[in-house]
Amino acid sequence: MYYIRKLTKPFNFNKIKCIKSVDDIDSDIIKQELSTKQNTLSFWKCEKLEHIKETIKAIILSTSEISKSKFIMLDSNIIKEYELEVDESNKGKTGYKGYDDLHIDICNLTYKKLGTILNAYKKVFEDDQNTCEYQKDDIKELILEVIQQGLLDIDNLNESLKKDIIKLTEKNNITIEK
Amino acid sequence: MNNYLFIENFEDLTNKRNQNKNVYYESPTKKQIITGFFISEVKPLIAYNASSQKTTHIDLYKYSSTDNKKVSADNLDRGFDTTYSKEDFFINKSEQIQKAISRYKKQLRVYLQNFDYSPENLSLAEKKISEVVNTFSFEILGNILQSISMENYDKPNILCGICHSLERFDLDDVYPWGTTLMLSILLHKDENVKAYAISTIDNWADRSLLSVLKNIDCSSDWLKGYIEDVISVLEV
């Protein structure tokens, strides 16, 4: 099982990877990448990497813009190793119909546990196999796939993403089924 | 000389009419598209909003500049100089546009200062940028952003906000001012600012910008690594 999260900025991957110790990481990175709500951090699960596209679609349709995206993949061994708690009870808000149950929370987070997650990030980034990246055009293709499958839940989209998707469909002469 | 109006939307037209402003228009016997006005041969007059591409019937009156009396549409041909060409509207239109640009620039500068790094929320700056594009054009947006960038080059937050806001657009939309703007921001000494500009270029994913990426001056290992990552993808 993998737990996947989109990086706010792809270059934060390089910042975290290159820093000697996470103790010295810019505080902005903590805000950007580890911004919690009610002491939880959202991730999306993927049982097997062969099905990663579905999880990626769920994630990108939960964000606010179409842009190049880099993802971190924490496997269940890392979750165990760093003693992180997972809560699968909350469904995510995504425009990918039927995939809101891929959402999970890493919960009961504290200052110390955030540091633990940052260390986990650093460890994962040192092994590039546990990250994946999609260019902006690839993201557009994935969104168009979802639309062509009739699985876009337009009412569940962030307003600004909705505008970008409408623009994308107009450019490609595609109609969104309601 | 009559006062020209740049009408942003129909509400604006109604407001200005109610304020007794002079409105210029071509003779009703001629058809002319005037920066958003389409005056038909048939009364009542029709206004065409170029942004929304909608028409509506309006009552359009000329107010005499001497005695401020309302002159009906029927009488407007008499003693009325109809030799103004379409270009005359653009001359005065630019004054109106400059006022609007100045207003938007002021608001946008304030929003960019409070640029929100949170991925969940569309920042107020991005909303305002969308408004500028929908109301005017990408060219006007470029005008505004370049001006804000030059006047606030010592404020990294504003420059990062500009870069982040441009990521959602394709290069075709913002070319050529977008690339010029990124080039100027890449000269900033703050490497975080450079990273935001590179991120925007990365999103544009245009091979023509490879030479720019290969000639960025930086010292941090993380930024060098990021630039290499971006170049390696573009070179494929």
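**Entry 1: a pair of strands**

I began with A:K6, which stands opposite A:F71 in strand 3 of chain A. Strand 1 (residues 2-6) of chain A and strand 3 (residues 69-75) of chain A pair in the antiparallel sense, over five bridges. I counted two strands as paired if DSSP finds at least two bridges between them. Helices (H or I, at least four residues) and strands (E, at least two) are DSSP runs, numbered from the N terminus.

A note on what I am reading: this is a predicted model, in which local features need pLDDT of at least 70, side-chain atom pairs count only at pLDDT 80 or more, and totals for chains, interfaces and linings use all residues. Residues are numbered from 1 along each chain as its sequence is written, chains are lettered from A and ligands numbered from 1 in the order in which they are written, and side-chain values use heavy atoms, leaving out hydrogens and water.

**Entry 2: the whole sheet**

Next I looked up the sheet in chain A: it is open, with six strands in the order 4-5-2-1-3-6 and antiparallel pairing. Strand 4 (85-87) and strand 6 (131-134) of chain A are the edge strands, each pairing on one side only. From one strand to the next, the twist averages 35°. A reminder to myself: strands of a sheet pair through backbone hydrogen bonds, either parallel or antiparallel.

**Entry 3: helices on the sheet**

Which strands does helix 3 (residues 52-60) of chain A lie across? I found strand 1, strand 2 (41-46), strand 3 and strand 6 of chain A, with the helix running at about 150° to strand 2 of chain A. Helix 5 (residues 111-125) of chain A also packs on the sheet, touching strands 1, 2, 3, 4, 5 (103-107) and 6 of chain A. The direction of helix 5 makes about 105° with that of strand 3 of chain A. Contact here means heavy atoms within 4.5 Å; axes are lines fitted to C-alpha atoms, for helices over the stretch in contact, and angles run from 0 to 180 degrees between N-to-C directions.

**Entry 4: chain A as a whole**

I listed seven helices and six strands in chain A. From the N terminus on, they run β-α-α-β-α-β-α-β-β-α-β-α-α. The C-alpha trace of chain A spans about 50 × 30 × 30 Å along its principal axes. Of the 178 residues of chain A, 54% count as buried; buried means under 20% relative accessible area, exposed over 50%, and partly exposed in between (1.4 Å probe, protein chains only).

**Entry 5: salt bridges**

How many salt bridges are there over all chains? The count comes to 23, taking a salt bridge as a side-chain nitrogen of Lys or Arg within 4 Å of a carboxyl oxygen of Asp or Glu.

A:E133 is partly exposed at 29% relative accessible area, whereas A:K68 is buried at 5%.

Then I followed B:D170 to A:K136, a salt bridge with the closest N and O atoms 3.8 Å apart. This pair crosses between chains, from the loop between helix 5 (156-166) and helix 6 (171-174) of chain B to helix 6 (residues 136-148) of chain A. Both ends are buried: B:D170 at 18% and A:K136 at 4%.

Last, I noted a network of salt bridges linking A:E65, A:D164, B:E126 and B:R168.
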